[in-house]
Amino acid sequence: MHQEPTKSQKRRLREWAAVAYERELAAAMSALLAEFRRWEAQEMDVFQLNERIHEFHSGTSRALYNRYTGGDTTFSVAYAINAGLLTREEIGDDLFSLVENMVGVLSSPEFK
């Protein structure tokens, strides 16, 4: 049975989605930082680095923005739990009860 979140729960879901977004974006930025270090070490030229930045901006960065800010925060939080970015303990039992079924679906072999 689908439970509609309260106003307070919706606010908290948005807050946790923002935390997950920050965590996943930070991890992605670490990979981009490695590209800057390769450029500093003269392992690539500035044009190659520029291409990596462009790919990051139009690919990874955009996908993360859309995942966490463009839609259903219930899905965003469920995704983040499934990806290991958030834990059930962090978000609390009341919010977990709202996303539990979705976490199960995202974990199923049929979805992957």
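The model is predicted. Helix α5 spans residues 93-107 and carries a kink of about 50°. The structure holds eight salt bridges, several of which are set out below.

**Helix α5**

- The kink in α5 is centred on V99, and V99 is also buried.
- Buried along with V99 in this helix are L95, F96, L98, V103 and L106.
- The packing partners of the buried α5 residues are α1 (7-40), α3 (73-82) and α4 (88-91).

- D94 and R12 form a salt bridge through their side chains, at 2.7 Å from N to O.
- D94 belongs to helix α5 and R12 to helix α1, so this pair ties together parts that are 82 residues apart in sequence.
- D94 is partly exposed, at 31% relative accessibility.

- The side chains of R11 and E15 are joined by a salt bridge of 2.9 Å, N to O.
- Both R11 and E15 lie in helix α1, where they are four residues apart, about one turn of the helix.
- R11 is partly exposed, with a relative accessible area of 37%, and E15 is likewise partly exposed, at 42%.

**Further salt bridges**

- D93 and R88 meet through their side chains in a salt bridge of 3.5 Å, N to O.
- D93 counts as exposed at 56% relative accessibility, whereas R88 is partly exposed at 39%.

Note on methods
Residues are numbered from 1 along each chain as its sequence is written. This is a predicted model: local features need pLDDT of at least 70, side-chain atom pairs count only at pLDDT 80 or more; totals for chains, interfaces and linings use all residues. Side-chain values use heavy atoms; hydrogens and water are left out. The bend at a residue is the angle between axes fitted to the seven residues ending there and the seven starting there. Helices (H or I, at least four residues) and strands (E, at least two) are DSSP runs, numbered from the N terminus. Buried means under 20% relative accessible area, exposed over 50%, partly exposed in between (1.4 Å probe, protein chains only). Contact means heavy atoms within 4.5 Å. A salt bridge is a side-chain nitrogen of Lys or Arg within 4 Å of a carboxyl oxygen of Asp or Glu.
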